[in-house]
Each structure stands twice: as C-alpha cells, then as structure tokens.
Amino acid sequence: MVDDTPDEVLAELKTRNLGGWGVAQIAAGTGLAVYAMWVGILQPGFRKVPLRLQVPYIPASKGQVDNVMILLRGRKGGLVDLGSGDGRIVLEAFRHGFTPAVGFELNPWLIRLARFHVWRAGHHGKVSYRREDLWKVDLTECKNVTVFLAPSVLSLLQEKLQAELPDDALVVAGHFPFPDWKPCRTEGQGADRAWAYSMQAQRQHTLKNNKCTVTNGDVTFN
Ligand SMILES: C[S@@+](CC[C@H](N)C(=O)[O-])C[C@H]1O[C@@H](n2cnc3c(N)ncnc32)[C@H](O)[C@@H]1O
C-alpha cells in the first residue's frame, strides 16, 4: 500500500470492511472530538450559567443581519446585542450609526474573535464586547436591543426585558420570535426572518390580555 497512488488507496478503503470494532473506534473518536470542541471552544464561560439557560453559538446569517438592520432603521442611540457571538450584529449596528454599540457574551474565544473583526474593520476602540452574563446585565437604559437566542430561553428573557427596558425601547429578535409577544414589524422569511417589538405597544398588549386597567399609573387586575 506504501507505493499505491492516492486513487488506489481510496479505492482500497472503499472496498475494505470496517467491522464492528472499526465503526466503534470511529464513533468514539468523533464523539470525543465533538466533546472536546464543546468544552474547549464553545462552552467556556458558561460554568456558572444553569444548563437550561445555556445557548450554543450559532452565527446569524448575512440575510438575518440585514433584516435586523432593516427593522432598526430610523432608530438611533445605543444598541446592545445579548449573546453577541462573534460580534457581527454589533459591528453592523455600529456601521449603521448606533453608538455606543455593545455586545454581551460569555465565551472568551468569541469575544476575542469579535474584537479581531472590529480591529480588521478599522473600528478599534469604537465598539465594545463585554464578558458578562446577559441575565445579569442592567437594561434599564437600553433603547435598542437585539437577540438571537434559543426559543427555550426567550420566554424567560421576555420577563427580564419587560421588567427593565424603557417604554421607548425596540427589541429585535432574529431567527426565533418571542413566544408570547406581538411583533410590530417583521422582515424576511424562513431562517433569516427577524421580528421587531415596541416595548410600549408590548406592555399595552400584555395589560389588555391580562385584562388590566391603568389609572394614574396604578395597575388594577379585573
Ligand atoms: C445563537 S448565538 C448568536 C450570536 C450572535 N448574536 C449572532 O447573531 O451572530 C447565541 C450567543 O449567545 C451567547 N450566550 C448564551 N448565553 C449567554 C449568557 N448567559 N450571557 C452572555 N452570552 C450568552 C452564546 O455564547 C452565543 O454566542
């Protein structure tokens, strides 16, 4: 086999019967590689986050980023991306005039990558990525919020956003909508789709659904 051409080696491998032991070795090797990648690259930083709140890194597609930016048109001021990954949404938001543009992310590798992208784009020092747990970030001053997180955590996040964001805030969700909220606008189709939610409209909608009345700032449940 030493003197064989690559085509001959490939042909021999194709015809060779791996057997149960060979299949088990390949399966174990693949499993180990996936586990090592999960622990070493994707999971660091999440040790203190409960398992049910851990969301893996999946980058937003180009179409998704474009749709998020379309829904943010006409807005100004700062923007935060909760779970910013490699920072693509934050960087694009900065390019669209949002400042300060801040990403919150727990994975240190992704933060390094995001900073590298910013440096390469020539915006070093103008966009920030903070290694913070999004569940602990104070959002009371945030006017523009973007998220691309798993459906399993979005219902919990609804509560945090509703409790903290100011009335004039706009929340834009990519890929997955908030389960109980009513979007004021949507953009795109399929996996690239994005949903925009006005906090003020959302609060009114929630009050109406809960059959509440607000008199001089006091909420009464009917
Ligand atoms: C689906 S990815 C989205 C990445 C990026 N926003 C984008 O659109 O390309 C979700 C990101 O949230 C981060 N994340 C998950 N839970 C987090 C938490 N509790 N605090 C901060 N970041 C978190 C993950 O590390 C991952 O990078």
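Author: Helix α7 (residues 199–209) lies across β5 (170–174) and β7 (194–198), and runs at about 75° to β7. Axes are lines fitted to C-alpha atoms, for helices over the stretch in contact, and angles run from 0 to 180 degrees between N-to-C directions. Contact requires C-beta atoms, placed from the backbone, within 7 Å. Helices (H or I, at least four residues) and strands (E, at least two) are DSSP runs, numbered from the N terminus. This is a predicted model: local features need pLDDT of at least 70, side-chain atom pairs count only at pLDDT 80 or more, and totals for chains, interfaces and linings use all residues. Residues are numbered from 1 along each chain as its sequence is written.

Reader: In what order do the seven strands of the open sheet stand?

Author: Two strands pair if DSSP finds at least two bridges between them. Here the order is β3-β2-β1-β4-β5-β7-β6, with mixed pairing. β3 and β6 (185–187) are at the edges with a single partner strand each, so one side of each has no neighbour in the sheet. Neighbouring strands of this sheet are turned by 20° against each other on average, direction ignored.

Reader: How many bridges join β2 to β3?

Author: Four bridges join strand β2 (residues 101–104) to β3, and the two run parallel. G103 is opposite Y129 in β3. Strand β1 (residues 79–82) also pairs with β2 in the parallel sense, over four bridges, and V102 in β2 is the bridge partner of V80.

Reader: Which handedness has the β-α-β unit of β2, helix α5 and β3?

Author: A crossover is right-handed if, with the strands pointing away from the viewer, the path from the first strand over the helix to the second runs clockwise. The unit of β2, helix α5 (residues 108–120) and β3 is right-handed.

Reader: Which residues of strand β3 are on the covered face, and which on the uncovered one?

Author: In a regular strand the side chains alternate between the two faces of the sheet. In strand β3 (residues 127–130), V127 and Y129 belong to the covered face, S128 and R130 to the uncovered one.

Reader: Why does V137 count as partly exposed?

Author: A residue is buried if 20 or more other C-beta atoms lie within 10 Å of its own, exposed if 12 or fewer, and partly exposed in between. V137 has 15 C-beta neighbours inside 10 Å, so it counts as partly exposed. V137 lies in the loop between β3 and β4 (144–147). Not counting residues up to four places away in sequence, V137 touches F104 and E132.

Notes:
Two residues are in contact if their C-beta atoms, placed from the backbone, lie within 7 Å.
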